[in-house]
Every structure is written in C-alpha cells, then in structure tokens.
Amino acid sequence: MKTLRRTLLAALSVAALTCSFQAAAQDIKPRIIRFGYGLNEVSNQGRAVKVFAQEVEKASGGKMKVRAIGAAALGTDVQMQQALIGGAQEMMVGSTATLVGITKEMAIWDTPFLFNNVREADAVLDGPVGQKVMDKLQDKGLVGLVYWENGFRNLTNSKRPVNKLEDMDGIKLRVMQNNVFLDSFKTLGANAVPLPFSELFTALETKTVDGQENPYNTILSSKFYEVQKYLTVTNHVYSPWIVTVSKKWWDGLSKTEQGILMDAAKKSRDFERQDTRAEADKALAELKAKGMQVNELSPAEANRMREKLSAVNASIAAHVGEALWKETQAAVAQARGK
Ligand code: TK8
C-alpha cells in the first residue's frame, strides 16, 4: 500500500512539474530587447550587459533575445530614458545621476562622500532605502531592477596637478547633467560645464573642457588617459549605475518573463560588482603606465575639500526631502556600525 501511494505521489508530482513547465513555456513569448548603454563594449558596463543577455537567453530557452547596444549608439543616458518612457526602447543601464531630472530622489546618491567603501554602498543600495528610491521611478514610466557599480569618482584634467583646493580655480570641468554635480564643482571653484558622457572624449580632446571626473575603470576603458595628463585621487562620490526597463513594455510581460529579467539582472549585478572591483584594483597602475601623472591629496587638503563639499548637503536634503535624507543617513550609519 505504502509503495503504491509513493508511486502515485511521484507520478502526480511529475505531472505537476510538467504542467508548470508547459505553463512557463507558454508564458514566454519571442521578444527582442534593445538594451542600450553609454560606455564601450570593452568596459565593465559592456561586459556586464553581455552577462545579462546570456542569462536572459538561457532562462528563456532562447526566446527572449537581448540586443546589447553600447557606446551611446542609441543615444545619451537622457535620450535613452525618454525612449524607455515612450516605449521605443526596452532597457538600458546608466548613471543614477542622469535620472535626477525625472526622479528627484535619485539625487541622494550624488551626496559627496556618502559612502566610505563599497560595503556600505552595497548595503544601502540593496536595502530598503535603495529600493524606495528605485520604486519612485515607476510613476515616471520606468521600472528599476538593480543597481550596478560605476564606482568612486576621481578627478582628471589636462592643465595642472590638483594638489590643493585652489588648484581647481578656473579649471573647465565637465560634469554630469545634474545640479548637484554642478553645484558641487562650482563650490570647489571649478568652472563646471554639464555635458553628456558621449560628447566627453571629443570635448577633452579639443580642449572645450580641461577635465572631468569618473571612476578609474571608465578613465581606462574610455581612453581618457590619451587626452588627460593629471589624475587626482579624490574619491569624492560613489556613483551607482541603474538597470531600468520601459514600464510600458514591462507591464505587457508575463510574470514568468518579468521573473527571468529580474533574475538575470541580479546575476549581472553580482558579476558586475566583482568585475568592476577587480578592474579598479589594477586600473590605477595601468593609468600610470599609460603616462598619467597621479597624485593623492594630503589629509589636510582632503579634509578641506570634504568640508567645502558638505555645503551642498543642505540643498540635496531639501531637494530629495528631509525624510529620505535622514533615512539614508541612518542606513549608512547602520551599515558603518556593522
Ligand atoms: C555612461 C555614464 C557614465 C557616467 C558619466 O553613460 O556620465 O560620467 O559616469 O558612466 O552614465
């Protein structure tokens, strides 16, 4: 009797499994996903988009295909965001900083020196505060899936080594299209000019601007070392990237399809953070080998910069709302205490 029951149960569960597989298969339609990004194919961003594409194809049995399109060939971050909102493009990855015009709360991530290290960044971005800020995108026609690491930003320029605050005076510095960055660098005495990333290399080459700030990985993969002589280790802010989906398109997907994208996004995030950190560890030495002159700020000068920049905190808090500001500070303190 017992064996019969076991056999029956086994048969039943096989039937249930087959059923759910069939249901899942019917739930996945052939789809082409245009996934745009700003950096080159050979960059931490490009490599992680590839991982995302492979995971989606594998999990969907080849039905969902990701067309990865890099080097801003589909447009700047801001243009792609509009294409996603309108439903003309399915997915992208870009800087949270370029989303501030759409979702003001994203400005919280532009707070200078918010995180001391990547452990704090991961804890806050993957925690309730990160989720809350990401969820704000939904009202604006975007669905945020995960945060990737762009990284701690450092300053480069073609004019002179920046050893002290005063050395920033009059340096024409490209910043992301975002008021916090504009204010931050004006506060430091630079002549800050907002420009899309896709125009940056040419602007540096033609000396339309003297400098820029980005993580080591990007300075390397975008070959900024060819047009920038001086690098100052400032680590003035941690930049996240965010993977977003057109809400118009997302709402038409089955739960199975949405699950496949979410799973792949998480896998790509874990890959991307590891890959980015490994690359960043070696990048400074590579940039030196390429001829960049690198300097660190003395602790006294680093403190002066930190203090100067803290002047923008009040305006960020006002911009994102005091409640979110406080919640973020508490989440950072909690991560720091662990
Ligand atoms: C790439 C940008 C880039 C960002 C910038 O599209 O604009 O400087 O750091 O990574 O999002």
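Student: How many aromatic pairs does the count come to here?

Tutor: The count comes to 7 aromatic pairs. Please note that this is a predicted model.

Student: Take Phe115 and Tyr238: why is the pair edge-to-face?

Tutor: The ring centres of Phe115 and Tyr238 are 5.8 Å apart and the planes stand at 80°, so the pair counts as edge-to-face. The cut-off for that class is over 60 degrees.

Student: And which parts of the chain does that pair link?

Tutor: Distant ones: Phe115 belongs to the loop between strand S3 (91-95) and helix H4 (118-125), whereas Tyr238 is in strand S10 (residues 238-246). The two residues are 123 residues apart.

Student: On to the ligand. Where does the ligand sit?

Tutor: The ligand sits in the largest cavity. Around the ligand are Gly38, Leu39, Asp77, Ser95, Asn150, Arg153, Arg174, Met176, Phe197, Asn214 and Trp241.

Student: What does that shell have by class?

Tutor: The shell has 4 nonpolar, 4 polar and 3 charged residues.

Student: Which polar side-chain atom lies 2.7 Å from an oxygen atom of the ligand?

Tutor: That atom belongs to Asn214. For Trp241, a polar side-chain atom lies 2.9 Å from a ligand oxygen. In the case of Asp77, an N or O atom of the side chain is 2.8 Å from an oxygen atom of the ligand.

Student: And how much of the ligand's accessible area does the protein cover?

Tutor: On its own the ligand has 310 Å² of accessible area, and the protein covers 98% of that.

Technical notes:
Residues are numbered from 1 along each chain as its sequence is written. This is a predicted model: local features need pLDDT of at least 70, side-chain atom pairs count only at pLDDT 80 or more; totals for chains, interfaces and linings use all residues. Side-chain values use heavy atoms; hydrogens and water are left out. A residue is near a molecule or strand if one of its heavy atoms lies within 4 Å of it. A polar contact is a pair of N or O atoms within 3.5 Å; within protein, one must be able to donate a hydrogen and the other to accept it, and residues adjacent in sequence count only if both atoms are side-chain atoms. Accessible areas come from the Shrake-Rupley method with a 1.4 Å probe; for residues, only the protein chains shown count as cover. On a 1 Å grid over the protein atoms alone, a cavity is a set of points where a 1.4 Å probe fits but cannot get out, and a pocket is an open set with protein on both sides within 12 Å along at least five of seven lines; lining residues have an atom within 4 Å of a point. A molecule sits in a cavity or pocket if more than half of its atoms lie within 2 Å of its grid points. Ala, Val, Leu, Ile, Met, Phe, Trp, Tyr, Cys and Pro count as nonpolar, Asp, Glu, Lys and Arg as charged, and the others, Gly among them, as polar. Rings of Phe, Tyr and Trp (its six-membered ring) pair if their centres lie within 6.5 Å; planes under 30 degrees apart count as stacked, over 60 as edge-to-face and the rest as tilted. Helices (H or I, at least four residues) and strands (E, at least two) are DSSP runs, numbered from the N terminus.
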